[in-house]
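Please look over the sequence and the model below before reading on. The report then takes up several of its features in turn.

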Amino acid sequence: MLKKMGEAVARVARKVNETVESGSDTLDLAECKLVSFPIGIYKVLRNVTDQIHLITLANNELKSLTSKFMTTFCQLRELRLEGNFLHRLPNEVSTLQHLKAIDLSRNQFRDFPEQLTTLPALETINLEENDIVGLISTKQVCQAVMLMIEEMCLWRSWPPCPPCAASTSASTP
């Protein structure tokens, strides 16, 4: 057992050193059997954290990420956390203002991580294979968007724009 732990630690150290030595913008610690993000990595990466744009921590055993993780890697564009035991994100995820994609699939989220709605660059959120309850359906989202478009048309001009005119005439008897 100690041998396997030693091998896992050596693997993490090797991957971190590769990132530092190559000047890579990627830190890949997938499948390293991590139960938490190793504190020592912050010190090793302190001079290159701003250039790291992609971190992969997929298929580990992470139950949470700390606020320090989020604030240290604030230049991230992509964060891959699929296949862990995460059930929430720290509020400091809101510091990831450049984040374009986050993969949270195959975790243990029961609620949608609302903090993600504050990220201006975010384009992709993957929450597949979580047990999220209370999400609204795609049909409900479409209906809400159409209502917003219709309200904007009524507010801005009359007669309504063609999409609103079509939805209004379709709904009148």
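The sections below cover the overall fold, the nonpolar core, the aromatic rings, the cysteines and a few loop residues.

## Overall make-up

This is a predicted model. The protein chain contains five helices and five strands. Read from the N terminus, the order of elements is α-β-α-β-α-β-β-β-α-α.

The protein chain has 173 residues, of which 34% count as buried. When contacts between residues at least 6 apart in sequence are considered, 41% join residues at least 24 apart.

In soluble globular proteins, nonpolar side chains tend to be buried together. Here the largest nonpolar core has 35 residues, and those with the most contacts inside it are Leu29, Leu57, Phe69 and Leu79. Two or more residues of this core come from each of α1 (2-22), α2 (39-44) and α3 (67-72).

Apart from its neighbours within four places in sequence, Phe69 is in contact with Phe37, Tyr42, Ile55, Leu57 and Leu79. Of these partners, Leu57 and Leu79 are also listed with Phe69 among the core residues with the most contacts.

## Aromatic rings

The structure holds five aromatic pairs. Phe37 and Tyr42 are both buried.

Ring pairs also connect Phe37 and Tyr42 with Phe69 and Phe73 in a cluster. Tyr42 has a charged neighbour as well: Lys68 lies over the face of the Tyr42 ring, 4.8 Å from the ring centre.

## Cysteines

How many disulfides does the structure hold? The number is zero. Cys32 has a relative accessible area of 5%, which is under the 20% limit, so Cys32 is buried. Cys74 is at 22% relative accessibility and therefore counts as partly exposed.

Lys63 sits in the loop between β2 (54-56) and α3. Is Lys63 buried or exposed? Its relative accessible area is 57%, so Lys63 is exposed, the cut-off being over 50%.

Leaving out neighbours within four places, Lys63 is in contact with Val35, Phe85, Leu86 and His87. The C-alpha atoms of Lys63 and Asn84 are 6.9 Å apart, although 21 residues separate the two along the chain.

## Residues with positive phi

Most residues other than glycine have a negative phi. Which residues here have a positive phi without being glycine? Glu31 is one of them, with phi near 55°, and Arg106 is another, with phi of about 55°.

Both lie in loops: Glu31 in the one between β1 (26-28) and α2, Arg106 in the one between β4 (101-103) and β5 (124-126). Glu31 has 47% relative accessibility and so counts as partly exposed. Arg106, at 35% relative accessibility, also counts as partly exposed.

How values were computed. Residues numbered from 1 in each chain as written. Predicted model: local features only at pLDDT ≥ 70, side-chain atom pairs only at ≥ 80, totals over all residues. Heavy atoms only, no water. Phe/Tyr/Trp six-rings, centres within 6.5 Å; stacked < 30°, edge-to-face > 60°. Buried < 20%, exposed > 50% of the residue type's maximum accessible area, 1.4 Å probe, protein only. Lys NZ or Arg CZ within 6 Å of the ring centre and 35° of its normal. Disulfide = S-S within 2.5 Å. Core = buried A, V, L, I, M, F, W, Y, C linked by side-chain atoms within 4.5 Å. Helix = DSSP H or I, 4+ residues; strand = E, 2+ residues; numbered from the N terminus. Contact = heavy atoms within 4.5 Å.
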